[in-house]
Amino acid sequence: MPTRPHSSTSRGWPGTPRLSACAMTRDDVTPPRPAFGLPRAKSSQPTGREVVRRAMAVTLPEVVEELLSEIAAAVRDSARIPDELLLSLKFVFGSSAIQALDLVDRESVTLISSPSGRRVYQVLGSSGTTYTCLASCHYCSCPAFSFSVLRKSDSLLCKHLLAIYLSQLLRNCQQLSVSDKQLTDLLLMERTQEA
Amino acid sequence: MAEALRRVLNAGRAAGPGEDSNPGPPLLLLGAPRSAQTSLLFAAALEAAGEGRGPVLFLTRRPLQSLPLSTPAARDHWRLQIRFQYPSSIQELLQLLASAHEAPAPVPSLLLLDGLEEYLAEDPGTQDTAYLAALLLDTAAYFSHRLGASGNCGLVVALETQKEADGDVPHLALLQRYFPAQCRLQPDALGLGQHCCLRASLETGKLSPRTEWSVTFLPGGEMKITPWPAQASKLSPDQNCSSAGSQSLTLGCDNLPSPRFPLDGILTSGTGADSKT
């Protein structure tokens, strides 16, 4: 269960202007966290709600936005997620919450970007399979997303998408730069894998 | 994204002040076969191109049957600003979207896809359909990112539904998850005599009020759009005044059964040459 972010995992990122509509902006994953106790510029810290809004064109229910917002605030203040918010997370997302936190703890979320500025997320699943998640809307290539989220509407998010949200808040997203062509191949490979 | 269509239906006026740069949510344009989806989509392209909001990327499986004739905006802007591409299969469409960041062309301010049903006819599974929808959104979001402060890229996708029921459309509920705004085109039995009349209902979200227009095609091929009568009385006086002068666009209405227009095919030769694929 992750209670504190892994500041050492942020590998830095050149300063770029804030994106307007495209999701999960770079400043969400950029600078390494300052040491505990040091004051931080509040304006540079996106709230959970901002992260959520910027992250996904497809919006989450208000209650989930609120919860993620509270988690973001708690992480800013105490660098950990309080137990009551962990319980709320479990209440809303069921077993996916624990699994997502486990993925975050294992630093399984990678933001892949190319010089064009296009980005995609990959999440290394617990079984060792890598799943591709689109940054701008809710899409994950895992079977649970297809079945539980899309077909049955049982869940709001799969554990991989939730892990992306949480890794944003906890700032432990890995980063990887690839060429524009490699990013295209990555997006198309996603389709090949499905077939 | 819904705003691109709303501007067409509102005779060029955006939904409200300050919304010029906000394209609204991604929009699904639903209608039975031959319900003028292509014409409205093209009108949205012309409107965006003519207003100088930036280039428009128009994706469709095959070249349009006819193109607009003498709309001033069309004459000045459409050839330069609207880029047609004709992906012939869902695989080609995905390839085009996935590699959009490699294209050197200017960044579009509006992404339009006509005939989604033709790609869905290849019978993709749930996950493939979701991926196509998500990739459309992702591509529009990427274009928005490239446009930066200068604007956002809108997204409108036309999907033909069989008859009036949506039950025949595979994955419609899934698509609606990705496209919160929808505009439905329905034939209107109370139309103006022999003219083709459609009722366009736009809903941009669960909590947004529905807005309706009457779309009429005159024998000359002119598309006339007026607020739906039931709503016209509720508009504010100035809205009433300006919308009284209804939107008029001259379009080849290739997907309406009647009346037959003299425009069909007149400009067909121009479309293929614009293909970049």
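**Notebook: chains A and B**

I began with the side chains of B:Asp138 and A:Arg118, which meet in a salt bridge at 3.1 Å, N to O (a side-chain nitrogen of Lys or Arg within 4 Å of a carboxyl oxygen of Asp or Glu). The count between chain B and chain A is one salt bridge.

I noted that this is a predicted model, in which local features need pLDDT of at least 70 and side-chain atom pairs count only at pLDDT 80 or more, while totals for chains, interfaces and linings use all residues. Residues are numbered from 1 along each chain as its sequence is written, chains are lettered from A and ligands numbered from 1 in the order in which they are written, and side-chain values use heavy atoms, with hydrogens and water left out.

**Where the chains touch**

I looked up the contact (heavy atoms within 4.5 Å) and found 30 residues of chain B against 36 residues of chain A. The area buried between them is about 2,800 Å², with 55% given by carbon and sulfur atoms; buried area is the accessible area (1.4 Å probe) that two parts lose on being put together, summed over both. B:Gln127, B:Tyr131 and B:Arg177 supply 25% of the area that chain B buries against chain A, more than any other three residues.

**A helix from each chain**

I then turned to helices, which are DSSP runs (H or I, at least four residues) numbered from the N terminus. Helix H5 (residues 143-151) of chain A packs with helix H6 (residues 126-147) of chain B at an angle of about 80°, their axes 10 Å apart. Axes are lines fitted to C-alpha atoms over the stretch in contact, and angles run from 0 to 180 degrees between N-to-C directions. H5(A) is therefore roughly perpendicular to H6(B), a term for angles of 65 to 115 degrees. A:Ser146, A:Leu150 and A:Arg151 of H5(A) make the contact with B:Thr126, B:Gln127 and B:Ala130 of H6(B).

**Two helices within chain A**

Last, I checked helix H3 (residues 83-93) and helix H4 (residues 95-105) of chain A, whose axes come within 6 Å and cross at roughly 125°. A:Leu86, A:Leu89, A:Lys90 and A:Phe93 in H3(A) meet residues of H4(A), among them A:Ile98 and A:Leu101.

Terms used
Angles under 35 degrees count as roughly parallel, over 145 as roughly antiparallel, 65 to 115 as roughly perpendicular and the rest as oblique.
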